[in-house]
Amino acid sequence: MAAPSHALASLSASKFRPPRFGLGGSRLGELPGPDGDARAMATVDAAYQAGIRFFVSSPAYGAGEQRLGTALQRRPRGEFLVSTKVAGPDAGESVRTSMERLGLAVDLVFADATAIEASYPVLDELRHDGVIKAIGVASDDWQLLDRIVRDLELEVALLAGQYSLLDQSATPLLDRCLARRVSVIVSGILTPQVLQIEQSSDPATIRARRISAVCERYGVSLPQAALAFPTRHSAVTSVLIAAATPAEIRADAALVRQPVPATLWRDPELLRLVS
């Protein structure tokens, strides 16, 4: 669980550094009808009021992209970062369409890892022309991301899962990103094993209950520790939180604001359970 030896590299060395926490927009498009529009925009407003200044969108989020843009248009553009995603050779058109839906310029564009060979040349040109500030790659496969980060000039890698309190299998990717000055964003942190630890007897949930018991001795909840853990690796600049209601994002933001004692991370039992 300790940071790698070369994690002493300056955090400011990253070529593009998103804020520590961001709102993933995937659930904003799930809310139906006009009430869904209002709830989605209220959720974005609640995130903004809680201090979140990084918002992640995608054409795949349906109405979520437009809802996110409508909410953010009321905010000073220089105060936040917004991203979108592309998945093929029509990357330029996809970026332009996302900007139209958002009503905003985007700072960062993620390419799907399985299609980045087709997307990258177009995104590289957009970056060179100043249309976007940074290129990222997204996947739930850390080994695929590792190869891409090795071979391409990127600013950001977005990893879904595989680096958390319960799973550090992606550590080699994070170490490479640190060496390459690539910022890592992780998502999928608040998993069912973290949020519903009493409702299952599978091995991962049993382990989560043991970790939770250690955390409670320090006055820390398991979700609180789960949100704090990833940024202990110096490559991880941001953790994404998904929410569909103002109450949900406020609760998550409250967890983020609560400090985690440094002594927890040095606890011998926790070290055995997490490593």
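These questions and answers explain the terms used for this predicted model.

Residues are numbered from 1 along each chain as its sequence is written. The model is predicted, so local features need pLDDT of at least 70, side-chain atom pairs count only at pLDDT 80 or more, totals for chains, interfaces and linings use all residues, and side-chain values use heavy atoms, with hydrogens and water left out.

Q: Why is C177 called buried?
A: Buried means under 20% relative accessible area, exposed over 50%, and partly exposed in between (1.4 Å probe, protein chains only). C177 has a relative accessible area of 0%, so C177 counts as buried.

Q: What makes C215 buried?
A: Its relative accessible area is 1%. That is under 20%, so C215 is buried.

Q: What makes a set of residues a nonpolar core?
A: The set holds buried Ala, Val, Leu, Ile, Met, Phe, Trp, Tyr and Cys residues joined through side-chain atoms within 4.5 Å. The largest such core here has 79 residues. Those with the most contacts inside it are F55, L72, L123, L165 and L174. Helix α1 (residues 33-49) gives the most to this core, with six residues. Apart from it lies another core of twelve residues, including L81 and V156. In soluble globular proteins, nonpolar side chains tend to be buried together.

Q: Which residues does L123 touch?
A: Contact means heavy atoms within 4.5 Å. Leaving out residues up to four places away in sequence, L123 touches V86, A91, V95, V109, A111, I132 and I135.

Q: Why are β6 and β7 called paired strands?
A: Strands (E, at least two residues) and helices (H or I, at least four) are DSSP runs, numbered from the N terminus. Two strands pair if DSSP finds at least two bridges between them. Strand β6 (residues 156-160) and strand β7 (residues 183-187) have five bridges, in the parallel sense, so they pair. In β7, S187 is the bridge partner of A160.

Q: In what order do the strands of the closed barrel run?
A: The eight strands run β1-β2-β3-β4-β5-β6-β7-β8, with parallel pairing.

Q: How do you know that D141 caps α5?
A: A polar contact is a pair of N or O atoms within 3.5 Å; within protein, one must be able to donate a hydrogen and the other to accept it, and residues adjacent in sequence count only if both atoms are side-chain atoms. A side-chain oxygen of D141 lies 3.0 Å from the backbone nitrogen of Q143. That is within 3.5 Å, so D141 caps the N-terminal end of α5.
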